[in-house]
Structure formats: C-alpha cells, structure tokens
2 protein chains.
Amino acid sequence: MDKFGSISSLSLWFLICIQILSRPNISFSQEIDTDAFFIKSIHDKALTDQMSYQWLYYLSEKIGGRIAGSPQSMAAIEFTKQILDTLGCTKVFALPTKVNYWYRGAKEQVRLINHQKFGNVDLNALALGGSGATSATGLSGQVVEFNSIEEAKKNPALMKGKIVFFSRAFDQKFIRTFHAYGSAVDQRGQGPNIAAKAGAIACVVRSMSSRTDDIPHTGATIFEKDVKPIPAVAISTKAADLLKSSLMDGQNATLFIKTSCEARGEKDSYSVIGEIKGTEYPDEIILVGGHLDSWDVGGGAHDDGAGCVQSMDVFYLLKQLNYKPKRTIRCVLFQNEENGLAGGREYARVSNSNNEFHLAAIESDAGGFSPKGFGFDADTSIIQKYIGNFKEWNSLLEPYDLNIWKGGGGADIGPLKSQKGMLFGLSPDSQRYFDYHHTEIDRIDAVHPRELALGSAAMTSLVYLIDKYGLAKP
Amino acid sequence: MDKFGSISSLSLWFLICIQILSRPNISFSQEIDTDAFFIKSIHDKALTDQMSYQWLYYLSEKIGGRIAGSPQSMAAIEFTKQILDTLGCTKVFALPTKVNYWYRGAKEQVRLINHQKFGNVDLNALALGGSGATSATGLSGQVVEFNSIEEAKKNPALMKGKIVFFSRAFDQKFIRTFHAYGSAVDQRGQGPNIAAKAGAIACVVRSMSSRTDDIPHTGATIFEKDVKPIPAVAISTKAADLLKSSLMDGQNATLFIKTSCEARGEKDSYSVIGEIKGTEYPDEIILVGGHLDSWDVGGGAHDDGAGCVQSMDVFYLLKQLNYKPKRTIRCVLFQNEENGLAGGREYARVSNSNNEFHLAAIESDAGGFSPKGFGFDADTSIIQKYIGNFKEWNSLLEPYDLNIWKGGGGADIGPLKSQKGMLFGLSPDSQRYFDYHHTEIDRIDAVHPRELALGSAAMTSLVYLIDKYGLAKP
C-alpha cells in the first residue's frame with residue numbers, strides 16, 4: 001500500500017529544491033544551482049542514513065571510555081580503521097604516537113566529615129587526570145577555600161598541610177558556555193599544582209559544569225616537572241555548594257579523600273588516518289578530524305566520539321554521492337587530545353617533515369549538537385589572501401542555518417597553522433555541552449541522531465566547497 | 001575567601017560589553033550603545049536568575065498535564081495568575097472561554113494478535129484527543145494500511161469494517177522538523193474522520209515523531225459534525241514499524257483495541273492575562289504569549305509550558321531592570337490551543353470588539369530550546385510600512401545568535417492579523433521538539449534551564465526594541 005510513497009516524496013523534494021534555489025540571495029548561475037543541489041543531497045543523505053549515530057553507538061557504548069594508552073583506546077583504533085577501510089580511501093593507516101597512560105584505579109572516595117547538619121556526607125567526585133594517589137588508607141585534612149588561583153598564589157602559607165578547595169562557579173552570563181569554561185578551568189588545570197607547591201596535601205575543585213547537579217566532571221590537571229602530583233579531585237557542583245556553605249562565616253570543614261590513581265608510563269599508541277588522494281591538486285590537503293581518545297569514564301560520546309564519527313561520515317557521504325575530490329581529503333582521528341595532545345603534535349611534526357600543505361583543516365571537538373557553522377583562523381596575511389568565497393558560501397549554507405565567521409580552529413589542528421592554510425572549527429550549539437563534558441553521562445543517549453548528522457553534513461558541505469573552489473580569492 | 005569575586009566578574013562583564021559594542025557592524029551612536037547595554041542586561045538577568053525554569057518546574061511537575069477543562073487546567077490558571085500578580089502588572093485577569101473537555105479515561109490497550117514470531121504483542125499507544133471509546137470489552141479487527149489520506153480516500157471500500165492504519169513516517173530530509181510534522185500530521189488530524197466515514201471500526205496512526213522509539217504521541221483528531229468519532233490511537237514509531245512489517249507481502253494482521261475516552265462536554269475555562277499599561281502610547285499593545293493548556297499526558301513542559309513561563313519571564317525581567325514601557329505590554333496565556341483554539345479565538349473577538357490595536361504579538365509555542373530568532377508575518381501592505389528597523393536590530397541581536405526573518409507567527413495570535421500589526425513567532429532549534437511533543441516524556445528534565453532562559457531573553461529584547469522604537473519605518 002506504499003505506491004504513492006516514492007511519488008510524493010519525490011515531488012516534495014523537488015519543491016524544497018525550488019524553494020532553496022529561489023531564495024533571493026542566491027543568484028541563478030549554473031554553478032550555484034549545482035552547488036545548492038549537491039549540498040542538499042549531502043544533507044538528505046546524512047539525515048536519512050544517520051550513519052554517524054550508528055558508529056557513535058558502537059564507539060561510546062560497545063567500546064566506551066578510551067583514555068590514551070588504555071585497552072579501550074586500542075579497540076577504538078581498530079574499530080575506526082575498519083570503518084575507514086570501507087569508505088573508499090586511497091589508504092588507511094595508523095600514525096604511531098607515544099602517550100603517557102594515566103590510570104584512575106578504584107572508585108575515588110571524598111567524604112565531608114561531621115557536617116553540622118548531615119554528619120558524614122559522601123561527595124560525588126572524580127580524580128583529575130594526572131593527579132596522584134593517597135595512601136591506601138586515604139587522608140584527612142582541613143579545607144581551605146579559594147575563589148581563584150590568583151588568590152591562592154598570594155596566600156601560600158594558608159595552603160600548607162591543608163586540602164585546597166577551588167570553588168568558583170561557571171559565570172552563567174556568557175552566551176557561549178565555552179567562554180564560561182575558559183574563565184573557570186584554570187582552577188582545574190593549574191590549581192592542584194599551585195596547591196602542591198605550597199605544601200597542600202590534596203586539592204578539590206568544583207566541577208566545570210553549567211548545571212547544579214550531582215555529576216562530577218574529570219579533566220586534565222598539570223603538575224610542573226619537579227612537583228610531585230598530589231591527590232586532586234573534582235566534586236559535583238551540588239557537593240561544591242555544600243562544602244562552600246559549610247565553610248561560611250569562618251567555620252572549619254574536614255574532608256576524607258582516598259584515590260588510587262597511577263601514572264603507568266609511556267605506551268605505544270596511534271592516531272588513525274584515512275586518505276582520499278585528490279585527482280587534480282593532490283598536494284593540497286583538506287583535513288577533517290576529531291580526537292579518538294576520551295576520558296575513561298562514560299562513553300566519550302560528545303567528547304569527542306561525535307567529532308570522529310562526523311569526520312568518517314564526511315567520507316561516507318562523499319562516497320555515497322560518488323564525489324571524486326580534486327584535492328586530497330584526509331580524515332584524522334587524533335590520539336591523546338585530553339591529556340597530552342601528543343597525537344596533534346606528532347601529526348604536525350610528521351606533516352611538516354614531509355613538506356605537506358594543509359590548505360584547510362576542519363576540526364569537530366565541541367559536541368554533537370545542532371551546528372551553527374564554522375569559526376575560522378589563520379595568519380592575518382593568509383586571511384587577506386584567502387577570504388574570498390565566504391559571502392557566497394554563506395548564502396549556500398543559510399538554508400541549513402550555517403554560517404562562517406572569524407574566530408575558531410581547534411586544539412589538534414592548531415599546530416598546522418604554521419603551514420599557512422586555514423583552520424576551521426565546527427561550532428555547534430553550546431548550551432548543553434558542559435552538562436556532559438568529561439562525565440559518566442557523556443553517553444549515546446545524550447546525543448541526538450539528527451543533530452549529529454547535521455554536523456556531518458555541515459562538514460561535508462564545507463569540504464565540498466573548499467575542494468571545488470579552493471580558498472584563494474577569485 | 002571571595003574577595004576577588006566581585007572585581008573579576010565586573011571586569012569580565014566590562015570586557016564583554018566592549019567586545020559587543022566594538023563589533024564592526026554596530027555603529028557607535030549613543031542609542032545603539034544604550035540598546036546593546038540593555039539587551040546584555042536582559043540576557044545577564046535571564047541567565048543568572050533562570051526564573052522561567054523554576055516556574056516551569058511547578059507547572060509541569062507539580063501541576064502536570066492540563067488539558068482544557070481538566071482540574072489541572074484550573075490549577076494552572078490559578079498558579080499563573082498568582083505569579084503575574086507579583087510582576088508589577090497594572091491589571092491581571094482571567095478571560096472566560098468555553099472549552100470542550102475531552103477525557104482519556106483508562107490506559108488504552110492496543111494488542112497485535114498472533115504475530116508470526118512474537119505471538120500477542122502489546123503496542124505502546126495513546127488515544128487521540130477527540131476520538132471515541134470502544135465498548136467495555138474492546139474491539140478486534142483486521143488491519144488495512146495506507147501511506148496517505150489521499151490513498152485512503154480513493155479506496156473507501158477497503159476500509160469498511162476494518163481497522164485503518166496510517167503508516168507514513170516523518171521525512172527526515174526536512175531541516176526544520178516542523179516541516180516534517182506538517183507533511184505527516186494530516187494522517188492524525190484527518191485520517192480517523194476519513195476512516196469513520198468509510199465505515200472503519202477504528203483507526204491507528206503512526207506517532208508524529210522524529211525518533212524511532214517506544215514513545216506514543218497523542219494529539220488532536222477532528223471528526224466532521226455528523227460523523228460519530230471512532231476509537232483512534234497513535235502507536236509508537238517502533239510499534240508502527242512492527243505493524244507495518246507484519247503486513248508486508250499481503251499478510252494479514254489483527255489488532256485488539258480498548259479505549260474509554262469521553263467527550264465530557266462544554267466547561268467554563270479561562271485564558272490568563274497580565275497587562276502593564278504603557279506610559280506614552282497605551283493604545284499600542286505588544287503581546288507576548290503561549291498556551292496554558294497542554295495534553296493530559298506528561299507535563300506539557302516544552303508544549304507549551306515553556307512559552308507561558310517565558311512570557312511571564314518577559315514581565316519579570318522588565319521589572320527587575322526597572323523598565324517602564326511606553327506601550328502597553330500584555331502577557332496572554334491562551335486556553336485550549338491543543339484541541340479547539342477557543343482561547344485564541346475568544347481573545348481576538350473581545351479585542352476586536354474593544355477596538356484594540358496589537359502593534360505586535362509575539363508567540364512562543366515551538367519548545368524551550370535554544371532560540372534562533374523570530375519569524376514574522378503581517379499583511380503585505382503592513383510589512384512595506386513597518387519593516388524598517390530589522391537590519392539594525394539584527395546587529396544588536398547577533399551576539400546572541402538571534403535573527404529576524406520573514407515567515408512566522410503562531411496559532412493563538414493568528415486571528416490578530418486582521419488588526420494589521422505584526423505577528424512574531426519565537427523560533428528555537430527544532431531538532432528535538434518532536435521527540436517530546438504530546439508525550440509522557442515532555443517533562444522538566446527535557447528542558448534545559450539556559451536554553452529556556454535564552455528564549456525569555458530573546459522575547460524580552462524584542463519587546464524592548466518594539467516598545468522603544470515602534471515598528472514604523474523611520
């Protein structure tokens with residue numbers, strides 16, 4: 001009883017094409033018709049097949065958290081290589097990268113002792129990547145709170161022998177949550193090192209989160225070379241509120257902390273690379289990528305399984321649409337972004353030593369949410385040379401609520417800036433990202449298949465335009 | 001230990017203002033500085049207080065589903081009146097509106113009988129609003145499937161004595177999910193009536209959803225005046241897939257259906273209205289609104305609790321920022337949008353009979369997701385007269401990823417178009433809307449407090465601009 005199905009959906013499709021092509025801000029040149037048509041085909045295919053979501057299910061749920069150096073990270077390398085093998089690559093290979101494997105050990109314990117009202121209270125916590133272990137029996141100490149690392153630095157004597165608590169919350173006034181993260185994350189990244197240098201016995205950080213809830217958020221903390229890592233944990237925002245309130249009016253608070261983290265030393269690991277050789281300009285590389293490692297907790301679905309499966313989806317979509325690129329397209333799944341950036345650095349080193357030129361590098365590492373477009377970055381001289389097509393491209397991308405603007409890039413592609421091509425960062429809606437970032441709940445059910453697919457389609461559309469037109473001013 | 005808190009957040013705030021004001025596309029006139037400053041203040045307050053989310057918690061969880069005529073709908077009327085009483089209104093009142101109360105009765109049963117592989121299978125289902133009851137013992141019948149209402153209309157003989165199944169899925173290729181809904185919902189709205197007229201004993205419709213899952217979606221179905229409502233249910237998309245597959249290759253399928261819905265007749269109900277009288281142009285009304293009723297299942301959080309609390313939040317934010325409007329601002333929480341539109345119609349009737357003029361009406365009824373801006377609608381003649389400020393306004397709204405474009409409005413404010421003002425519809429990201437629409441899971445946990453607050457701030461910013469500048473071309 002489906003006989004009208006194909007006819008009605010065909011005519012519907014025709015109507016949409018007409019609608020898109022007849023938008024007043026697109027001129028009716030033959031090429032623009034072709035481009036609008038192809039970009040629509042990319043979106044149609046991405047949204048109907050939703051291939052990225054299927055792969056993300058496997059990566060985040062069947063493999064799970066995959067911190068660099070872990071057994072799961074090797075499973076992720078094997079899985080993505082096997083996928084890339086099916087996507088029409090000229091070659092697929094693994095780029096060796098040494099990584100330092102940090103191991104969480106047993107579930108961490110953080111307990112607020114003798115709270116005035118609640119007695120002993122277990123606080124939801126996760127040890128920070130790179131932090132040290134307590135003794136097997138744990139440690140107890142008095143808590144000293146700071147609102148900023150600057151404040152702590154000025155008061156080293158207050159920290160000696162204490163548990164240092166960095167308590168500054170996200171500033172909700174930022175529209176983009178990445179800015180709130182950027183203005184708070186020094187507490188996690190640098191706070192424990194500052195505390196350790198002042199003789200603190202441990203460090204506790206309020207989780208980097210937009211929400212008030214019970215979810216702790218892990219993440220990297222950095223100790224200077226000659227500083228012995230102390231135990232350092234993030235506690236949930238609700239736990240941080242409780243701890244803060246129990247310190248009000250000069251009251252004392254005592255914490256018990258037990259962690260068993262281990263630096264397991266250098267391991268062999270790999271970034272995964274698939275490449276389609278360009279037919280006309282094989283020396284101009286267009287890179288799409290994300291990072292294959294995640295934290296060890298949760299499934300690393302948004303961070304950054306999403307970026308990996310979207311990058312592979314670019315290859316899938318180009319293959320399905322039978323597109324033969326003029327330039328070389330490379331899918332790079334970087335290793336160890338979370339706690340070392342070894343993969344990104346090594347990729348750039350090898351690329352530079354091979355005298356390669358990345359005309360464009362497009363990174364997706366801001367979650368699998370509805371895409372808003374791309375921020376770009378490059379040397380000023382390069383921007384003057386290249387920024388020719390974007391106004392026309394923005395017209396082509398506008399039916400998909402996409403835009404290209406100045407200011408973007410990504411951690412893994414950053415080192416490629418010196419090759420004097422352009423860097424692009426896929427920029428999705430950011431409101432929910434820091435609900436899930438580095439947590440147990442960054443799993444497949446936090447990702448919407450259509451939002452994820454729209455990101456794949458956005459990346460593929462940009463790859464298509466750069467491949468077809470290049471980036472130089474006409 | 002918070003001594004640096006206020007200083008650092010102040011300087012941060014200053015930096016953002018500088019950033020916004022120094023955008024190249026905003027000229028440095030005094031007025032635009034003032035506007036940028038005020039719109040930033042609106043967003044700051046909305047995001048830090050998150051008042052809309054607190055109200056939505058009460059509305060969707062403490063009161064819950066509130067179909068027009070139900071006891072819960074009266075609780076929602078009382079709750080919102082009490083809130084509006086605290087928001088500095090010149091007057092708060094309830095506008096009487098007669099509604100037809102449809103009552104679901106006991107949990108519906110839909111069972112696929114003797115499936116080849118699974119035996120008897122219970123299908124997740126919800127009766128459609130307006131549909132009839134089976135006998136107390138239920139009914140059984142053979143299923144006949146149609147892909148469209150056009151196909152059914154051509155084959156009335158096939159429907160007689162049967163259970164008619166409308167099976168067409170959402171077309172995933174639409175970028176905005178409302179278009180997918182629009183192209184599928186005739187099956188739910190008109191299908192059961194067509195089936196009833198052809199002598200079908202019941203009707204089953206595939207749920208209007210973007211996802212493949214186990215969640216059934218209710219919604220209104222309309223029977224012509226002289227057609228007796230038959231039992232009509234929506235089954236989950238997974239259930240629809242199963243039923244469809246069991247009909248493949250000409251196989252038969254039998255369903256058992258039991259519903260106990262009741263038309264409980266006309267009841268007294270109310271739309272809720274709060275008003276702040278304008279100081280200079282009291283006769284020019286700017287309306288903000290959503291609909292207070294929801295379906296009886298779930299909490300009506302996105303549909304349309306979100307629109308109601310955002311509209312009240314406009315008043316809260318204006319009050320907090322001590323803004324005295326020049327024009328009259330009215331918050332209207334319409335009754336009975338879901339199954340009758342009685343509130344919207346009655347509001348326009350009374351307004352017209354009082355010779356009122358709505359300069360602008362802004363409706364929020366597309367979910368509490370990240371706002372993208374506003375679509376507008378008006379008589380063509382009016383658009384020529386009014387559309388003067390939008391380019392400048394778009395520059396002011398751009399830091400918040402907001403835009404104003406042609407094509408929008410809303411069901412409840414639609415009847416006001418004849419007053420020859422402008423209609424605006426708040427347009428949030430639509431990807432997740434039809435995961436929750438008319439379901440048990442449209443609850444507070446499906447709404448993000450920041451996304452909801454950004455919608456409040458967007459509406460308040462537009463109200464501020466219209467109030468300050470009017471809509472006529474300069």
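Strands β10 (residues 262–276) and β12 (residues 327–334) of chain A run antiparallel and are joined by five bridges. Two strands count as paired when DSSP finds at least two bridges between them. Within β12(A), L333(A) is the bridge partner of V272(A). Helices (H or I, at least four residues) and strands (E, at least two) are DSSP runs, numbered from the N terminus.

This is a predicted model, in which local features need pLDDT of at least 70, side-chain atom pairs count only at pLDDT 80 or more, and totals for chains, interfaces and linings use all residues. Residues are numbered from 1 along each chain as its sequence is written, while chains are lettered from A and ligands numbered from 1 in the order in which they are written.

**The sheet and its helices**

Both strands belong to an open sheet of eight strands in chain A, with the order β1-β10-β12-β11-β13-β16-β14-β15. The pairing is mixed. The edges are held by β1 (91–103) and β15 (403–406) of chain A; each has a single partner strand, so one side of each has no neighbour in the sheet. On average, neighbouring strands of this sheet are turned by 20° against each other, direction ignored.

Helix α4 (residues 71–85) of chain A packs on the sheet and touches β1, β10 and β12 of chain A. Its direction makes about 5° with that of β10(A). Helix α12 (residues 342–353) of chain A also packs on the sheet, touching β1, β10, β11 (281–291) and β12 of chain A. The direction of α12(A) makes about 140° with that of β1(A). Contact here means C-beta atoms, placed from the backbone, within 7 Å. Axes are lines fitted to C-alpha atoms, for helices over the stretch in contact, and angles run from 0 to 180 degrees between N-to-C directions.

**Helix α16**

Helix α16 (residues 449–469) of chain A has 21 residues. From first C-alpha to last it reaches 30 Å, close to the 30 Å expected at 1.5 Å a residue. The expected span is 1.5 Å times one less than the number of residues. Of its 21 residues, 19 are buried, so α16(A) is largely enclosed by the rest of the structure. A residue is buried if 20 or more other C-beta atoms lie within 10 Å of its own, exposed if 12 or fewer, and partly exposed in between. Just after α16(A), G470(A) takes a positive phi of about 70°.

**Two domains**

Chain A is divided into domain 1 (26–102 + 265–469) and domain 2 (105–260). These bounds come from an automatic or database domain assignment. The domain centres, taken over C-alpha atoms, are separated by 34 Å. In chain A, 15 residues of domain 1 are in contact with 16 residues of domain 2. Helix α15 (residues 433–436) of chain A supplies the largest share of the domain 1 side, three residues.

Most residues other than glycine have a negative phi, and most peptide bonds are trans.

| Site | Feature | Value |
|---|---|---|
| D303(B)–D304(B) | cis peptide bond | omega near 0° |
| Q50(B) | positive phi | about 45° |

D304(A) lies in helix α11 (residues 301–320) of chain A. Q50(A) sits in the loop between α2 (30–49) and α3 (51–63) of chain A. Q50(A) is partly exposed, with 19 other C-beta atoms within 10 Å.

Definitions and conventions. Contact = placed C-beta atoms within 7 Å.
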